[in-house]
Amino acid sequence: MIGISPVSVSHYLVVGAVLFVTGAVCMATKRNALGVLMGVELVINGANLNFIAFGSKYLRVESLGLDGQLIALFVIVLAAAEAAVALAIALNFYNNHATIDVDQASELKG
Amino acid sequence: MAEFFQQIWDSFFQTSSESPGAIAYLVAAVIHCVLIIHVVAVGALIFIWMERKISGRIQDRLGPTRVGGAFGWLQTLADGIKLIAKEDITPKDADAMLFKAAPYVGFAASYCAYIALPFSDGWVAQHMNTAVFFILAVLGIEVFSPILAGYASGSKWSLFGAMREAAQVVSYEVPLGMCVVVPCMICGTLNLVTIGNMQAGSFTNWLAFNDPFTFIVACVYFTCATASVNRAPFDLAEAESELVAGFHTEYSGLRWSFFFMAEYGSMFLVSGLAAILFFGGWHGPIPIAEPIAGVLSLVVEPLLNFGRYVVGFVVGDLGQVTEGVVATQIANLMGCLNFLVKGTIGVTVMMWVRWTLPRLRIDQVMTTCLKYCVPIAAFGFLGALVWQVNDLPTSNDMPVIGKNRFEVRESWVYQAEKELRTTSGDQKSSPDDQQPPFDPHQATGSTELVPQGAFVMKGGAR
Amino acid sequence: MMLLAAFDFDWHAFFFMFFALLTCGFALAVLFTSNIVRMAFYLILSLGASAGLFFLAGAEFVGAMQLMIYVGGTLVLLIFGVMLTAQSRFVTMKTSSGEWVMALVLGGALLFLLLTAAFRVGDWRTGHPNPANVGLAESKTTTQIGMGFTGVRVDKLDAPEGSTLVSGMSGYLLPFVIVSVHLLVVLVGAAYMARTKRRASSAGVGA
Amino acid sequence: MATQVDDARIIEFDVRTDEMLVNMGPQHPSTHGVLRLVLRTDGEIVSEVEPHLGYLHRCAEKIGENLTPRQWIPYTDRMDYLAGMNMNLGWSLCVEKLIDHQLSEKAKHLRVIIAEMGRIASHLVGMGAYGLDLGTFSPFLYAFREREKILDLFEEACGARLTYSYLTPGGATADLPNGWLQKCEAFLDQFEPIIPEYHALLTTNAIFVKRTAGIGVMSGEMAVDFGCTGPVLRGSGVDYDLRRDGEERYTEMYDGYAFEVISQKDGHYPKDHDYPAVPAEAVLGDCWHRFYVRMLEVVQAIDLVRQAIDRYSTASGDWGVPIKLAHKLPKGEVYLETESPRGQMGFYLVSDGNAIPWRVRARSSCFCNLSVTSDLCRGCLIADVPAIVGSLDVVMGEIDR
Amino acid sequence: MSGQNLVERLSQRFGEKITGSNLEAIDPWIEVSAAGIAEVCEYLRDDADLQLNLLNCISGVDYFIADPKKAAKAGWEPHTEVVYHLSSTFNKHTLVLKVILPRWKGDVEGKLPEVQSVAGVWSTANWHEREVFDLSGVRFTGHPNLRRILCPEDWVGYPLRKDYEMPLEYHGIRGR
């Protein structure tokens, strides 16, 4: 393929960066609490992609090795935990305030 | 042109020692695609016909008898044509994009899982080291199809079906995963081809009969598999007496049939997985495939060589058929039939159960999962683990015809022992502990990292 | 990889492009859709495609894990949340254009920064000279990962004597245990938190 | 799912969901025709069920005010179309009560044979359809296989398979044909051994027991309060069967027959030693008991038919010649209930002295049985709604009339 | 208990509210006033001798002849009856009660005659009274949910009344 042959770590980093930035913007702009949560998932996934890229033996001669994959696994598991908690918070918020709009969560505002 | 034929020829009979060419790969890919498409799509046709016949027989009636002769074997095809001709309705309240996409999600997931399912020794579209895991993961994705369909239909019954499906499938993945881990643990690999090959020999070598715990686990696996593909008595997502038709209430025509193709596809998938993990995969109960294949190859091989000679006049010489390849391929073909029969038996049992039992209630389905399946699976897992670690006798130790599954002993338990001993001990660089160079052509899972010495040690212990 | 190398055409790059475009495209779709259910759908596709990138990078186990836990587990949970709260007024929530501009400007800046960084290091940029030669066995990391979690690094057995990595013992046993306990606590906590207490009298809104 | 907390004013939920109104029916696979249930649900839990009737309403009572009693017989067929014979019987007896018509012995035994065969046929549908409600298809076909044989017999007797119009005021439209009794006996001999099969598929099936035992429990008092009758009443342990406790004109049909009313006394059903024991989970008055009473009534009916065949063949008199089509009715009003398969089917006939009644009224058993639905279904799961409605075994044709 | 005894006993207890009886009919009946029916029913249900715990049926019967010549020969004034058939699952006996009402309340056409609801005495009465209301046009006071049950909510008229005219058209459906 033009330009990106062979595929390098940098290319993966580009995808990771796009995911990361998309997720961050998503977190900033979405008003729905679950939309924010989806942004977080994108960010985490972007970061994960970087770990995989650095650990891959196909992209670099001197790779990070197994550690990349191991850390990626930890990230996935922690993301699952994070999603569970965030979802519980969102549901609790929804139950108590009958809305899912994060802009209305102003109870703690001074 | 000659090269084209040469490569096709090579792809089957490996005339040259160097790796096959691109066209050979392409042919192989096409064959895999065709095979899998047929198992999923045509398989669905056959299974739906089978279901009708079986349910008919169970219920004292004949089932289809008209279309396509006395057995009505073209009935499903006729229905398929009817479904294509039916109007494709999208409800007013539906989210049109998701509504239309949902059936394909399910079908794609079901189809995708077949990529890693071997039909015989090495007959697999993508030879994966994590095949078991991959199949489970992709099966888990299939749940999105009912969820999206149920949500996007804009009907309350569909939504109920979707919620039930989501809750059920996510719960049943837990015991299903536990059950699948047991054969992987015994074989020390996630590679389905290796797991299948380790059960070569007579049926006593099948992992279900390895020890009492694996048998329990096999039973639990089948129960959970039935639940995870939404078959009765766990077919709550489409419970017709409660939810009209559940998540596919609003679907019609071809879109609706995609749900069914996905359902039958996953039915065969989980049955096939059961066959490989617990019931010997492509190995028959008695190891007669190889001798028969050997005899047959005595006839077929000369014929092939003659054919090569005749064709050679037109396209140029294709090269001699490699010694033994024909016998292997014939054995593989028989193994494939074996595997299909086993998978079909699994599907038949599911049908039998469906037409016999009433449906459970949603809370009872959850109870079955969490109170029965999970603890029993965990118990079976621990039992099998203890059995392996303590090196208790298995059915595989019995003096029977066929190979002795010594590889079974080469599980990661031994590897861990070995590594721990090595690292805790002073001297670390005994040559046995070095990783052997990997051979990319040899696709085995269990021996991938095992130092050669482990074999020797085990062999000695025996 | 052998398969991909069979043609002169660089299939690796082709599939990378394919999955990368899917990943980024659906991620952007998540960003620009205002319908929460469709956002969830696009997120599934985006994460599924990124699992394809994992497979492509040789991380089969992590890829399958991504499909199983992330897509098959976390996202099902997320969709559950979406369905539980999907009242029509929350399905589409528009963001003010000012916020959009702010976020896009900052996001663009961040993206620029990251992209610059991505191509800074020569080693990262050049890629593997001949990925086709890496071989199938390199992707067989399942056992290694499993051993790594139990505290034995079989891939580091030949680490030099006296290095910071005690040979073979730089595994992840402790983090693994911590994460397991953490996960358990989190799940119990989440289950507890999602339960609601309402006054019996007010059937309608809130406590 | 809601758990108890100390403060009674606070309800704890697993996850709060919004209440939904769901229409179950009128087009729904398990509402036995065109019943519409409006469910108010919180997740899977049903907080309120409201039946909506009338989709089959054709005001048969109004039609009855324009026809002579014999002309109205076909309309009774179409009320409980699964037990047309028993409906014919109820109306015939009611008319005979008004005109004070006495039947011969033979005609009475004929009516017992036909009515009890009708009961078997009806309970077979009830049983099979209940299997469908719980998601198992095969028992339905097993039941229909046997029902078809009964319908064959009925067809031979009266020429119709569903809407018989066979029993009429005065007796029956015709005598049983030659050889009918032998065929009937042959059927009973063949049918009786099949019943354990039904028990194996349904009554004792673990899933079936899980789905029905302890579901929709109705006390005897509640059943009487709601006017539930038939197997629904006896399933709650009330010992009441019009064949024994009804009016003279009806019970004299069964004079000299040996039968016991099927209801649980002291934890036992009569004759239950032959049939599966009551499972531990089952509570008197639940869906399982209602179903079981029906199953036992099939056996009871077989027994009654056997006795009736014996007595019919030796009885004196004719088979009962029908009254004239436009028989002039005496002035007066009568009410008579019979024990039809689904409960007590009552007919109320007011005459002003013409051949055509002034007012006709059908008291539908299913109408009363169904009225208990909203109380039984309160707080159950969605899947229990078909289980409960199915255990009441309603026929909409009779409810809507 | 013989019919005569019962009538006397009820008259003693309820006085005016027992307005008559017919013990010669095939099914003897006792006539109760519209205002006393609930009270009488409650007594009949709870009395230890009677225990009429099962309400079999409530029927509305309309007595009306449009043709004045025929009406003169009928021998009765136009009226509406509500008939209650009771029985006891304990004593296995039955009883018929009747409430005789004017066809229209205060003889104003369109105003439905009223009678006390017995839905509080037997739950069966709930639906039966709805049916009588729906088809015969009798209003049951104190009924928890008096709506049409068999006919659609927006149906006009009471089909079992003798002067009922089938509507020509209902939501575009031809009636006659």
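**Reading chains and their contacts**

Mentor: Among contacts in chain B between residues at least 6 apart in sequence, 78% join residues at least 24 apart. Two residues are in contact if their C-beta atoms, placed from the backbone, lie within 7 Å. This is a predicted model, in which local features need pLDDT of at least 70 and side-chain atom pairs count only at pLDDT 80 or more, while totals for chains, interfaces and linings use all residues. Residues are numbered from 1 along each chain as its sequence is written, and chains are lettered from A and ligands numbered from 1 in the order in which they are written.

Trainee: How many helices and strands does chain B have?
Mentor: Helices (H or I, at least four residues) and strands (E, at least two) are DSSP runs, numbered from the N terminus. Chain B has 16 helices and 0 strands.

Trainee: Which residues count as buried or exposed?
Mentor: A residue is buried if 20 or more other C-beta atoms lie within 10 Å of its own, exposed if 12 or fewer, and partly exposed in between, with C-beta atoms placed from the backbone. In chain B, 51% of the 462 residues count as buried. C:Phe18 counts as partly exposed because it has 16 C-beta neighbours inside 10 Å.

Trainee: How many residues of chain A and chain C take part in their contact?
Mentor: Chain A gives 73 residues and chain C gives 82. On the chain A side, helices H1 (9-29), H2 (33-55) and H3 (66-97) each give two or more residues, and the largest share, 25 residues, comes from H3(A).

Trainee: At what angle do H2(A) and helix H4 of chain C pack?
Mentor: Axes are lines fitted to C-alpha atoms, for helices over the stretch in contact, and angles run from 0 to 180 degrees between N-to-C directions. H2(A) and H4(C) (residues 60-85) pack at about 175 degrees, with axes 11 Å apart. H2(A) is therefore roughly antiparallel to H4(C), a term for angles over 145 degrees. Among the residues making this contact are A:Leu37 and A:Ile52 of H2(A), and C:Leu78 and C:Gly81 of H4(C).

Trainee: How do the residues of that helix contact divide?
Mentor: Ala, Val, Leu, Ile, Met, Phe, Trp, Tyr, Cys and Pro count as nonpolar, Asp, Glu, Lys and Arg as charged, and the others, Gly among them, as polar. The contact of H2(A) with H4(C) has 7 nonpolar, 2 polar and no charged residues.

Methods. Angles under 35 degrees count as roughly parallel, over 145 as roughly antiparallel, 65 to 115 as roughly perpendicular and the rest as oblique.
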